[in-house]
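Subject: Structure handover

Hello,

I am passing this structure on to you, with my notes on what turned up in it. Please look through the sequence and the model first; the notes follow below them.

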Amino acid sequence: MKGWFFVRRYSFSETVAALAIVAGIVLSGSGDAEAAVDYNRDIRPILSDACFKCHGPDKNTREADLRLDTFAGAIADLGDYAAVVPGKPDESELLERLHSTDRKEVMPPPKTGRQLTDAEKALLRQWIKEGAKYDRHWSLVKVKKPKASGMKDAWIKNAIDAFILRRLKEERVSPSREADRVTLIRRLSFDLTGLPPTPAEVKAFVSDRSPKAYENIVARLLKSKHFGERLAQYWLDVVRFADSNGYHSDEARSVGPFRDYVIDAFNNNKRYDVFIREQLAGDLMKNAGVEQRVASGFNMLLQTTNEGGAQEKEYLAKYVADRVRNTSTIFLGLTMGCCECHDHKYDPFTAKDFYSMGAFFADIRERGRGNPPTFPVPARDQKERLAGIDKQIAALKVKAKVTTPEIAAAQGNWEVQISQKIKGGLRTDLVWVDDAKVPNGKKEGGWNYITKKQGPVYSGKQSRRQVASDLVQHFVIGARNKLTIGKGDVFFFYVWLDKQNPTQTVMLQINDGSWEHRAYWGADRIPFGRGNGPSHKRMGDLPTAGKWTRLEVKASDIGVRPGAKINGIAFTQYGGLVYWDKAGVNQSGSGLTDELVAILKKEKGKRTAAEASRLAAYYRSQTPRNKAIARQIESLKRQKTRLMKNQPRTLMTVSTKPRMIRVLPRGNWMDNSGAVVTPAIPETLGKLNVKGRATRLDLANWIASKDNPLTARTLVNRLWMLFYGSGLSSRLDDLGAQGDSPSHPELLDWLASEFVESGWNIKHIITIMVTSATYRQSSMANSILTERDPMNRLFARQGRWRLDAEMVRDNALAISGLLDRTIGGRSVKPYQPAGYWRHMNFPKRRWNADSGGNLYRRGLYTWWQRMFLHPSLAAFDAPSREESCVQRTRSNTPQQALALLNDPTYVEAARVFAVRIMDEGGKTFESKLNWAYLAATSRAASRAEVALLKPLYRLHRSQYKVDPAAAKALLAVGQKPAPAGIDAAELAAWTSVARVVLNLHETITRR
């Protein structure tokens, strides 16, 4: 025996079988059993599935010192033999071991349960015979745009069809006929908006015979505001969007604005390369605004924990791993998760690559334990209202700057008068508090007004009476008409001290952003401030009781500097009875700032343009017109403040100093022996040409580069899946060695190239996909296609599948007329079984269903609780979103039928639909049923369907007539009330029929 080596199977991919079938089709279809073997298409999948675990990239599990993932390793001298001898299959140990009948020598070993088929062995033999050529994995080769030949064929609509038809001709298979118009508009409506077309839309399209009728429908749907919702539904699966944090008690978190960002991005056709940058590094982008910071919440969509016993270091390691695993899946279509513990066993990625990628995210400010902070952002409607307020304020400010001849003349007179006051050194009192005149701010404490009949009043009609046994105060804070303090200004206030109940201390406090400006008279009984400085300045003894006394303190003595803006004042006493009256500031006769006084002292001809403008602006601000404008502006600002207080909050990325990242041997967060790494992309994919430490923005720029071979391929492959049922490469999450070679590699590269050349234009590439003849084909499979291509890898027909979970519900609500089509906003809670959340603890929670329109919002907005996903969503295969999900599974279970029949959402939808059937469907049972079918399936009911449903209707009508309580119970399901005066038995019977129609396979299937 010539030495030995082991080949063991890691996992059996179901796609290998499909590849073998396709490979067989390629060979048999061409009629040439010796057609050239393609390494990526034919050989790599076999070696990857059966050999690479033990003879692949991971040096830690490699056996017999043999590598089969590289040409050098495969032909290496193993003594007197080699695993592969190019051109000489009979001398290649690989083939000898594959054909051995000795259980100890045959490869793969029998215990793996994986034995190669004769077809696979034949492919390996032919490959070695042809020279055993190795190629770089197809997904890592730079994209080059192939030529779409044969465009003159009458069937072809665009380049997609050229590639599809070329392959069909090679396989001697014909494309399917074009689907009927009803099917086409339903298909387009579901694919592009996630909603069914209305009967009117169907009728209009069917009767439209213009040459561009189909293209016009596509254009209209792409412009629909619901297009963004349809694409967002898929993207939220991919980025694992959820309303809860996942780990431990799965606590709620606020992240709704990120969903709105995604919807808007698709509706506005944001460039995909920008979309990538904003999500990965929006916070690092130049001039990052609210939109970019909201987008950066992408980095925070991972699962986090608030468990008291959680280890900070462990969870920080988890968060790094999550971001690498999901970022590589989401944008690159790569599975790097294996590298958290060891070098990849199938792809050329190492553990060092994994942690170097993780280092890009080391700058994210976060804790290992504790929910990340959220930040306020304006909601969709708030954005519009805030923008409107800002526009009004800007217009008023412009208006305030306008100077009329009358204002200019009045300013001249004012300048003469005020200049005389300045020269005379006159001083005036500026009263801030008197009677009802109080700064326009927030009043606190007891403002106890009395009139002259009730006690002493110094000024006006009222004073303020305060009595206390110890400390008491009344004050105002947050004044919008602030006092501006000038040099030499003096604060004053008037007090009357009661003789019979004397106070021990009175204090005046001033706020200019701080309350540390205080003056007091009497005993030191008020514990505010320290020492005898500006924050606690003693001014002397109490004034004589039984008369009004004016108390004063220089602004400078309590630390208030010229130019300060006073927004609060407090009147404080310790014990006794005190009457307080007017208060304010005594200023120089002008009441102007030093700057304005200096300007006025100059002769007019010697003032600069800026000085003249400053003086004119001040005078205009004092005119009745501008004071009215100022009040309007203040009112608008208050509206803006109220709006901003009610803003929703969302997760955002905040950058900080990067923490150190090490390679964790075997993924062990407690092992500090691994090398320290800095941000870098996987070595096999190149290097970043940046100075200094690379950032998340550098990573995003590399991912979004037109030269990156993975990014465009990954997205167009997934878009293809959305519109054809499966990707050109069927493994959407893995374009690596364990993935599948594309069924149409040239088409995939053409689409990727076209996507980049178009400016990463998502709507452009979707338009090409859905206007092709390939897309327009019928989904009906004939016997030839069923036998030759059961998985539809040739795309000789369209796909058909059950609608996604959210769309099943949206469809029922739309048909019934209940659907609330509002775009964006917070997550909502439709009906959910009582007690479904009973096992949720820390804290205990209860599901409270929404009301009104929020109860009928699209499924996209349903509250997404990772551990307790809404049961109706779960029944129809929605993912928990704990990890990135690039393609949902689709099951067909009795539970789904039960949900459609019994979930209150569907029962209510059927009842409301029944009301419409009765009101709009005509007079006979047949006309009503036809109307119902047109609304739900876009076609009339067949004779057989009428024959089946008419007895059901009659049976239930008679049962509900004799059992009105049962009818009442059925009609009471849901919050939407039944119309007053309607025949309960009749409505209940039609509700039964409507439940059947909404439960039809055809109703919930995209064909």
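Predicted model: local features only at pLDDT ≥ 70, side-chain atom pairs only at ≥ 80, totals over all residues.

F795 sits in the loop between α27 (783–788) and β17 (801–802). Although F795 is not a glycine, its phi is positive, at about 55°.

W760 has a positive phi as well, near 55°, and is likewise a residue other than glycine. W760 is found in the loop between α24 (745–757) and α25 (762–771). With a relative accessible area of 3%, W760 is buried. For background, most residues other than glycine have a negative phi, and most peptide bonds are trans.

- M107 and P108 are joined by a cis peptide bond with omega of about -10°. P108 belongs to the loop between α5 (93–99) and α6 (118–129).
- The bond from F842 to P843 is cis, and its omega is near 5°. P843 belongs to the loop between α28 and α29.

**Aromatic pairs**

How many aromatic pairs does a search of the whole structure find? The search gives 42. One of them is F493 with W521, an edge-to-face pair with 5.4 Å from centre to centre and 75° between the planes. F493 is in strand β7 (residues 490–497) and W521 in strand β9 (residues 518–522), so this pair links distant parts of the chain, 28 residues apart. F493 and W521 are both buried.

Y836 and F868 also form a pair. Their ring centres are 5.9 Å apart and their planes stand at 90°, which is why the pair is edge-to-face. Y836 and F868 both lie in the loop between α28 (805–816) and α29 (871–875), and the pair ties together parts that are 32 residues apart in sequence. Are these two residues buried or partly exposed? Y836 is partly exposed, with a relative accessible area of 25%, whereas F868 counts as buried at 18% relative accessibility.

Ring pairs also build a cluster, which takes in W235, F241, F258, Y261, F266, Y272, F275, F298, F331, F755 and W760.

**Charges over rings**

R181 lies over the face of F205, 4.6 Å from the ring centre. K829 is placed over the face of W847, at 5.5 Å from the ring centre.

**A buried arginine**

R696 is in helix α22 (residues 696–703). Its relative accessibility is 0%, so R696 counts as buried. What does the side chain of R696 join by a polar contact? The partner is the side chain of D363, and the contact is 2.9 Å. Apart from neighbours within four places in sequence, R696 is in contact with L280, A281, D283, L284, N299, F360, F361, D363, I364, T653 and S655.

**A buried serine**

S176 is in the loop between α7 (159–170) and α8 (181–193). S176 is buried, with a relative accessible area of 11%. A polar atom of the S176 side chain lies 2.7 Å from the backbone oxygen of A796. If residues up to four places away in sequence are not counted, S176 touches W155, Q777, S778, M780, L785, A796 and R797.

**Helix α17**

Helix α17 (residues 380–400) has 21 residues. From its first C-alpha to its last, α17 reaches 31 Å, close to the 30 Å expected at 1.5 Å a residue. The buried residues in α17 are Q382, L386, I389, I393, L396 and A400. Seen down the axis of α17, these buried residues fall within an arc of 85°, and therefore they line one face of the helix. E384, K391 and V398 are exposed on the other side of α17. Which elements are included in what covers the buried residues of α17? Among them are α20 (609–622) and α21 (624–645).

Regards

Note on methods. Residues numbered from 1 in each chain as written. Heavy atoms only, no water. Phe/Tyr/Trp six-rings, centres within 6.5 Å; stacked < 30°, edge-to-face > 60°. Helix = DSSP H or I, 4+ residues; strand = E, 2+ residues; numbered from the N terminus. Buried < 20%, exposed > 50% of the residue type's maximum accessible area, 1.4 Å probe, protein only. Lys NZ or Arg CZ within 6 Å of the ring centre and 35° of its normal. Polar contact = N/O pair within 3.5 Å; in protein donor to acceptor, adjacent residues only side chain to side chain. Contact = heavy atoms within 4.5 Å. Expected span 1.5 Å × (residues − 1). Arc of directions from axis to C-beta.
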